[in-house]
Amino acid sequence: MTIPHSLARAARNAVETSAMLRERSRAEPRPKAQLRRYEVSTLLPNGDVSQTRHIAPALPMFEDAFCAFTRGSLVETETGPLAIEDLLPGDTVLTQDGSSQTVLWKGSVTLIPGREDSRGRTRPLTRIMADTFGMQKPLSGVIAGPAARLLGAPAHLRHLHGGGEILTPVHEFQDGMSVIETLPPTPIELFHICLKRHSVIKVDGLQFESYHPGINAVRQVSRSLRSIYLNLFAHVESLNDFGPLLLPRAGDGEIDAITA
C-alpha cells in the first residue's frame, strides 16, 4: 500500500530531527545542548492524525511551542469544554470572535519546572486562583505553563501599544496573592495547540492565545536549528506559514520598539 506523501513526511520528521542534531554537533563542536523529548500530533490533509516523537534542543523557542497548558486545562470546543490532553487535531475550538477553528497541531512535553537546566534556568508555572479576573474567570484554579499568554495586560504594562489589546505572558500577572509562581519538583506534562491562524481561545474561562512562534522567530535561531524546529510541524513548510499575529504581544520586538 502506498503511504500518502504527507504521512510519510510527518513520520520522517522525527527521524530527521535527530539526524540533523547529530550532523550539527559534528560540524560545529561546542558544549552539548540539553535535549528534550517532544510529542507531536498533526492533522494530515487526508484527515488522518500523525503522531510522532522528536528529540530536539531544550531551547526557549522549542519549549515555548509546547509549554502553555497543564493537564486538565479545559478548552472550549463546539461540543463543550474538553481537557487539553483529550483534544485531538481535527477537533474544533471556539475563538474570541465567536467563530470556530480546527486544531491542526498539538504538542506536549514533560519537564520538571523546579529543576535547573544546563544554563541554570527553571521553567516556573503560574497558578491563577478562581475568579481572579472576574466571576468564573477562571472557573476554578488554573495552572498555566511558562509559554502561556493571556489577552490583556497588568497595570505595569497597560501603557504598551497605546492601551490597546495585547497578549501578555501569564507570569506578568503574578501578584503574590491570587496569581502566584509555582515550581513543582515533580514531572509536569504541558501542552500547546496550533490552529490555521493565530487566535484567542477560551481555556478554563480565560482568553489565551493559540501557538505562534512570533514575528522575531526567524532571528532567534540559526538556519540549522530552524530546520530542526520546523520538523516539529508537519503542517507548515516555513515560518511564514504560521501567518500573521492576531494581536501584538508584550515582550515581542514590535512592542519594545513602540515603547522605546
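Visitor: Is Asp131 buried or exposed, or partly exposed?
Guide: Asp131 is partly exposed, with a relative accessible area of 38%. Buried means under 20% relative accessible area, exposed over 50%, and partly exposed in between (1.4 Å probe, protein chains only). This is a predicted model: local features need pLDDT of at least 70, side-chain atom pairs count only at pLDDT 80 or more, and totals for chains, interfaces and linings use all residues. Residues are numbered from 1 along each chain as its sequence is written, and side-chain values use heavy atoms, leaving out hydrogens and water.

Visitor: Where does Asp131 lie?
Guide: Asp131 is in the loop between S8 and S9. Strands are DSSP runs of E, at least two residues; helices are runs of H or I, at least four; both are numbered from the N terminus.

Visitor: What about its phi?
Guide: Asp131 has a positive phi of about 65 degrees, though it is not a glycine. Most residues other than glycine have a negative phi. Gln136 lies in that loop between S8 and S9 too, and its phi is positive, near 60 degrees.

Visitor: Which residues does the cis peptide bond join?
Guide: Lys137 and Pro138, with omega about 0 degrees. Pro138 sits in the loop between strand S8 (125-128) and strand S9 (142-144).

Visitor: New topic. What does Phe242 touch?
Guide: Not counting residues up to four places away in sequence, Phe242 touches Cys194, Tyr211, His212, Pro213, Tyr229, Phe233 and Val236. Contact means heavy atoms within 4.5 Å.
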